[in-house]
Amino acid sequence: VEFIFLSSKEADLRNLEQTRAVFQKHKPTHVIHLAAKVGGLFKNMREKVEMMTENIAINHNVLQCAHEAEVDRCVSMTSTCVFPDKVEYPITEDMIHLGPPHPSNEGYSYAKRMAEVLSRMYNEEYGRHYLTVIPTNVFGPYDNYSIEDGHVAPGLMHKCYLAKQKGEDLTVWGTGKPLRQFIFSRDLAHLVMWSCLKYQGSESLMLAPDEGAEISIAELANTVASCMDFPKEKLVFDTSKADGQYKKTVSNKRLRGHLPDFKFTPFPEAMKISIDWFVQNYETCRK
């Protein structure tokens, strides 16, 4: 198996002709579609129009060009945040269209929902085997550690690093009460490869640890602090900042039906690996 890894340097996937050119150049047989305009809670609230229009363009162009190139297997990544805000827990794959998403990220959410719809339509009309996979909160080496626009785990790592360097308090936005399921990027990579090359179905898949692995943002902050030898008494929660959704608990029952014995990396171990990488690569990492 030959792997080709592309970044936005090779093509602007918002542009159909650039997308088509990169498909024609490499002639893939399988596609793992991870490209998106992304950001954390506050970027999603600030840039709803761009989040919607740019992600719709990316998804449309990638799926159209995959189809034109006779690619039979395209795995597109979405997110648990695209599911309805008011829904029964745990969330399953089939609940995606049962109601509107949380207002804080509706632009991104509706665009990503359409990736699921369009994949299904290519399957129905052209006999393709396209699907979407839905990870929970991802963290690991090589992340984007932007404090303003990054996701919660890498953003907290960066804030903790700077607070430790300056001898200041570590201020966590929000109450710390919201609950999340975190997945280590290496575990996610194994599952995405399996879904592309081994999984026989075309139904969407939640790629998530078991429900019992859910932790609070406060627990996340304490784990980050512990891994960085940062004093816990200097953790401060700024309750004037928004929390976002309180919980987004998902069920991995469909995944477990296919991979009952898959072992997820324990959260403290995965966080230690991630933080050690971040500290060692601080000068050159994305931030």
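1. Let's start with the second largest pocket. Its lining is made up of 16 residues, and Glu116, Arg120, Ser202, Glu203 and Ser204 are the ones nearest its centre. Two elements, α4 (106–126) and β3 (131–135), each give two or more residues to this lining. The largest share, 4 residues, is from α4. A pocket here is an open set of points on a 1 Å grid over the protein atoms alone, with protein on both sides within 12 Å along at least five of seven lines; a cavity is a set of points where a 1.4 Å probe fits but cannot get out, and lining residues have an atom within 4 Å of a point. Element names follow DSSP runs numbered from the N terminus, with helices (H or I) of at least four residues and strands (E) of at least two.

2. A word on what you are looking at: this is a predicted model, in which local features need pLDDT of at least 70 and side-chain atom pairs count only at pLDDT 80 or more, while totals for chains, interfaces and linings use all residues. Residues are numbered from 1 along each chain as its sequence is written, and side-chain values use heavy atoms, with hydrogens and water left out.

3. How big is the second largest pocket, and what is it made of? Its volume is about 240 Å³, where a volume is the space filled by probe spheres set on grid points that are joined across faces, edges and corners. By class, its lining holds 4 nonpolar, 6 polar and 6 charged residues. For these classes, Ala, Val, Leu, Ile, Met, Phe, Trp, Tyr, Cys and Pro are nonpolar, Asp, Glu, Lys and Arg are charged, and the others, including Gly, are polar.

4. Searching the whole structure for cavities of 30 Å³ or more turns up 1. The largest cavity has about 40 Å³ of space. Around it sit Thr80, Thr136, Asn137, Leu179, Arg180, Gln181 and Lys248. That lining divides into 1 nonpolar, 4 polar and 2 charged residues.

5. Helix α7 (residues 217–227) deserves a look of its own, being mostly covered, with 8 of its 11 residues buried. Buried means under 20% relative accessible area, exposed means over 50%, and partly exposed lies in between, using a 1.4 Å probe and protein chains only. The buried residues of α7 are Ile217, Ala218, Leu220, Ala221, Thr223, Val224, Ala225 and Cys227. As background, an α-helix has 3.6 residues a turn, so residues three or four places apart point the same way.

6. Which helices pack with α7? One is helix α9 (residues 267–280), at an angle of about 55° and with the axes 10 Å apart. Axes are lines fitted to C-alpha atoms, for helices over the stretch in contact, and angles run from 0 to 180 degrees between N-to-C directions. The two helices are therefore oblique to each other; angles under 35 degrees count as roughly parallel, over 145 as roughly antiparallel, 65 to 115 as roughly perpendicular, and the rest as oblique.

7. Within α5 you will find Met157, which is buried at a relative accessible area of 0%. Although 70 residues separate Met157 and Cys227 along the chain, their C-alpha atoms are 9.6 Å apart.

8. Another helix pair is α3 (residues 48–68) with α4, whose axes come within 7 Å and cross at roughly 20°. That makes α3 roughly parallel to α4, and α3 passes α4 in a right-handed crossing.

9. Finally, a few backbone details to check on screen. The peptide bond from Tyr89 to Pro90 is cis, with omega near 0°, and Pro90 sits in the loop between β2 (73–77) and α4. Lys27 is not a glycine, yet it has a positive phi of about 50°; Lys27 belongs to the loop between α1 and β1 (30–33) and is exposed at 65% relative accessibility. Asp229, also not a glycine, has a positive phi of about 55°. Asp229 lies in the loop between α7 and β10 (235–238) and is exposed, with a relative accessible area of 65%.

How values were computed
A crossing is left-handed if the near helix is turned anticlockwise from the far one by less than a right angle, and right-handed if clockwise.
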